[in-house]
Amino acid sequence: MLRTNISTLIRSAAALPAIVCGALLTSPASAHEYQLNDLYIDHPWARALPPNAPAGAAYMRLENRGDTQEIMISAHSPIAEKVEVHENSHVDGLMKMRRVDQVRLAPGVSVEFQPGGYHFMLFGLKQTLVAGERFPLTLDFKNAGSIAVDVMIDENAPSASEHAAQESMQHQHH
Ligand SMILES: [Cu+2]
């Protein structure tokens, strides 16, 4: 009897990170999805950084569920001097990072901001990105206007790395 209880405990401890993230996404009290008209912004997060790090990066998923194109034109945050959208891409086998002026969201399209791809670059950080804390980030869209989201700071992002794993699996089918 005791043995059963212990193995159940170990199992639930191992499953905890996934459960915590799922609870955050589905529970109305702590929902971490934002909506602005037909735009949905899912699970904004940033990686925790040591004190005095000059720049950080934020990630999320943007989805346009409407039937007209939307364009994200800028982003800003009180914790950073400047926020830019960057895109990482492989060019001749090298990982390069370039600035993107606008992010186009065609109808029905979802754009994933994640390590190795699109990200919000936060320059001139005014505070340390501490795991477990949050900071505000405002996104400006051409038609829908602006929305402020809370970016969760985490050591790593279980949900985003799962998305990345799914993507790389899909890429192998091409
Ligand atoms: Cu960057």
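**Entry 1. Overall layout**

My tally of secondary structure is 2 helices and 11 strands, where helices (H or I, at least four residues) and strands (E, at least two) are DSSP runs numbered from the N terminus. The model is a predicted one, so I note its terms: local features need pLDDT of at least 70, side-chain atom pairs count only at pLDDT 80 or more, and totals for chains, interfaces and linings use all residues. Residues are numbered from 1 along each chain as its sequence is written.

I then looked up burial. A residue is buried if 20 or more other C-beta atoms lie within 10 Å of its own, exposed if 12 or fewer, and partly exposed in between, with C-beta atoms placed from the backbone. Of the 174 residues in the chain, 21% are buried.

For contacts I used C-beta atoms, placed from the backbone, that lie within 7 Å. Among contacts with a separation of 6 or more, 68% join residues 24 or more positions apart.

**Entry 2**

Neighbours within four places in sequence aside, Leu137 contacts Pro44, Ala58, Ala75, Ser77, Phe120, Val149 and Val151.

For pairing I required at least two bridges found by DSSP between two strands. E4 and E10 run antiparallel and are joined by 4 bridges; Met72 stands opposite Phe141 in E10. E10 also pairs with E11 in the antiparallel sense, over 8 bridges. There Arg134 has Met152 in E11 as its bridge partner. A hairpin is formed by E10 and E11, with 3 residues between them.

I checked E11 against E2 as well. These two run parallel and are joined by 3 bridges, and the bridge partner of Arg47 in E11 is Asp154.

**Entry 3. Strand E5 and its partners**

I looked up E5 next. E5 pairs with E9 in the antiparallel sense over 7 bridges, and Glu84 stands opposite Met121 in E9. E5 pairs with E6 in the antiparallel sense, over 7 bridges, with Val91 opposite Leu94 in E6. E5 and E6 form a hairpin with 2 residues between them.

**Entry 4. Positive phi**

Most residues other than glycine have a negative phi, so I listed two exceptions.

Asp92 is not a glycine, yet its phi is positive, about 50°. I placed Asp92 in the loop between strand E5 (80-91) and strand E6 (94-100), and it sits in the turn of the E5 and E6 hairpin. Why does Asp92 count as exposed? Asp92 counts as exposed because it has 5 C-beta neighbours inside 10 Å.

Asn37 also has a positive phi, near 50°, and is not a glycine. Its place is the loop between strand E1 (33-36) and strand E2 (39-47). Asn37 is partly exposed because 14 other C-beta atoms lie within 10 Å.

**Entry 5. Arg65**

Where is Arg65 found? I located Arg65 in the loop between strand E3 (55-64) and strand E4 (70-76). Arg65 counts as partly exposed because it has 14 C-beta neighbours inside 10 Å.

Not counting residues up to four places away in sequence, Arg65 touches Asp38 and Tyr40. I also noted Arg65 and Ala106: they are 41 residues apart in sequence, and 9.1 Å apart in space from C-alpha to C-alpha.
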